[in-house]
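Biologist: I would like to go through this structure by question and answer. Please show it before we start.

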Amino acid sequence: MKSNLKVFLKGIIDVSPLMIPVIPFGLIFGVLAIDVGFTPIETMAMSLIIFGGASQIVLLQLFSGGASSLVIISSVGAVNSRHLLYGAVVSEHLSDLKFIWKIIISYFLIDQAFAISNEYLKKNKDHNRYFHLVGGGATCWVIWQSTTFLGIILGAAIPEKLGLSFAVPLTFLALLVNDFRKFINVIVIIISGLVATFGYNYIPFKAYVIVAALAGLFTAMILTRKNKKA
Amino acid sequence: MSNWALILYCGLITYLTRFSMIALIKKEMFNDRIREILSFVPSAIFPAIIFPTIFINERGLFEIDDNPKILAAIIAMFIGIFSRSIIATIFSGLASYWFLIFVV
């Protein structure tokens, strides 16, 4: 069995390539948060407390559009529902752990760490294999906090004319690159996008994110059910 | 609600979605059908943020003419589909956007 440290380091090495896009993402978050009116301390607290890029950007997007707190919180919850899937998948590897470790690991269960550690956990059966997930999560944590901090500082120096806010849809677009190759996913993407765009001014309370996501999931439910029968 | 309360609640709900499945729920409660549906969550939710930020301007109006974001996003999408690279997608989109607003 490898030592805890070795497994932890392996997690750091494996997650590193996935950290490259996190750097501009963190910078953009820092810059935008200040831009929409959060203080530097609130911005830093968001990265420390929430520690989730998509959640934090959705928060900013809806906050700047004047959405109510209830809508913002439930939209963040909807964005996060994908973590339920990650948790369900990794939970079988963590079932023997002490409760305190489950509390700690949950904080680090982010997209990138899940993506790389899921592979590792499947192949390794050592007791300490969860250190891989902690290594990946901790790496992302360091990058996310430091780029948020840099974004806060650089914010004032970046000219608004550069249109950096356009990096927000691009970042989310980038998270979908593998889904564009699957037929049902493409339909779901189009339905959700159309509902959000045309509902933007008509769906009350800025709830367009939730309504569009539900429309997309409903479409997925129908299409995957038909697939099975055929 | 104050900004601080908003941040705390968003943090709490984010944490709970990560924690609940690991600590509280037995995996038998999660059948293949639910897993399959949850795998569509990114495809269902990210476009709800992408589309309006591209097609709707700061004043809340639908904007199709003279909107460089549309072409830049399409270029980024194709680069993404062919390269499968997150970083290439973001940078090709930004580069095309800057090219369209500063050069063309």
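**Helices, chains and domains**

Modeller: α6(A) passes α1(B) in a right-handed crossing. The model is a predicted one.

Biologist: Which residues of α6(A) and α1(B) make the contact, and how do they divide by class?

Modeller: From α6(A) come Phe99(A), Lys102(A), Ile105(A), Ser106(A) and Tyr107(A). From α1(B) come Tyr15(B), Arg18(B), Phe19(B), Ile22(B) and Ala23(B). By class, the contact of α6(A) with α1(B) has 7 nonpolar, 1 polar and 2 charged residues.

Biologist: What is the handedness of the crossing of α3(A) and α1(B), and which residues make the contact?

Modeller: The crossing of α3(A) and α1(B) is right-handed. On the side of α3(A), the contact is made by Glu42(A), Ala45(A), Met46(A) and Ile49(A). On the side of α1(B), the residues are Asn3(B), Trp4(B), Ile7(B), Leu8(B) and Gly11(B).

Biologist: How many residues in the contact of α3(A) with α1(B) are nonpolar?

Modeller: The contact of α3(A) with α1(B) includes 2 polar residues and 1 charged residue. Its nonpolar residues number 6.

Biologist: Taking the chains as a whole, which helix supplies the largest share of the side of chain B that touches chain A?

Modeller: The contact takes 74 residues from chain A and 59 residues from chain B. On the side of chain B, at least two residues each come from α1 (3-24), α2 (32-38), α3 (41-55), α4 (68-83) and α5 (86-103). The largest share, 18 residues, comes from α1(B).

Biologist: How many residues of the side of chain B that touches chain A are nonpolar, polar and charged?

Modeller: The charged residues number 6 and the polar ones 12. The nonpolar residues on this side of chain B number 41.

Biologist: Is Phe46(B) buried or exposed?

Modeller: Phe46(B) has its place in helix α3 of chain B. Leaving aside neighbours within four places in sequence, Phe46(B) is in contact with Phe172(A), Leu175(A) and Leu176(A). A residue counts as buried if 20 or more other C-beta atoms lie within 10 Å of its own. Phe46(B) has 28 other C-beta atoms within 10 Å, so Phe46(B) is buried.

Biologist: Within chain A, which helix gives the most to the side of domain 1 that touches domain 2?

Modeller: The domain assignment gives domain 1 (4-164) and domain 2 (176-230) of chain A. The contact takes 9 residues from domain 1 of chain A and 6 residues from domain 2 of chain A. On the side of domain 1, α4 (53-64) and α5 (69-94) of chain A each supply at least two residues. The helix that gives the most, with 4 residues, is α5(A).

Note on methods. Residues are numbered from 1 along each chain as its sequence is written. Chains are lettered from A and ligands numbered from 1 in the order in which they are written. This is a predicted model: local features need pLDDT of at least 70, side-chain atom pairs count only at pLDDT 80 or more; totals for chains, interfaces and linings use all residues. Two residues are in contact if their C-beta atoms, placed from the backbone, lie within 7 Å. Ala, Val, Leu, Ile, Met, Phe, Trp, Tyr, Cys and Pro count as nonpolar, Asp, Glu, Lys and Arg as charged, and the others, Gly among them, as polar. Domain bounds come from an automatic or database domain assignment. A crossing is left-handed if the near helix is turned anticlockwise from the far one by less than a right angle, and right-handed if clockwise. A residue is buried if 20 or more other C-beta atoms lie within 10 Å of its own, exposed if 12 or fewer, and partly exposed in between; C-beta atoms are placed from the backbone.
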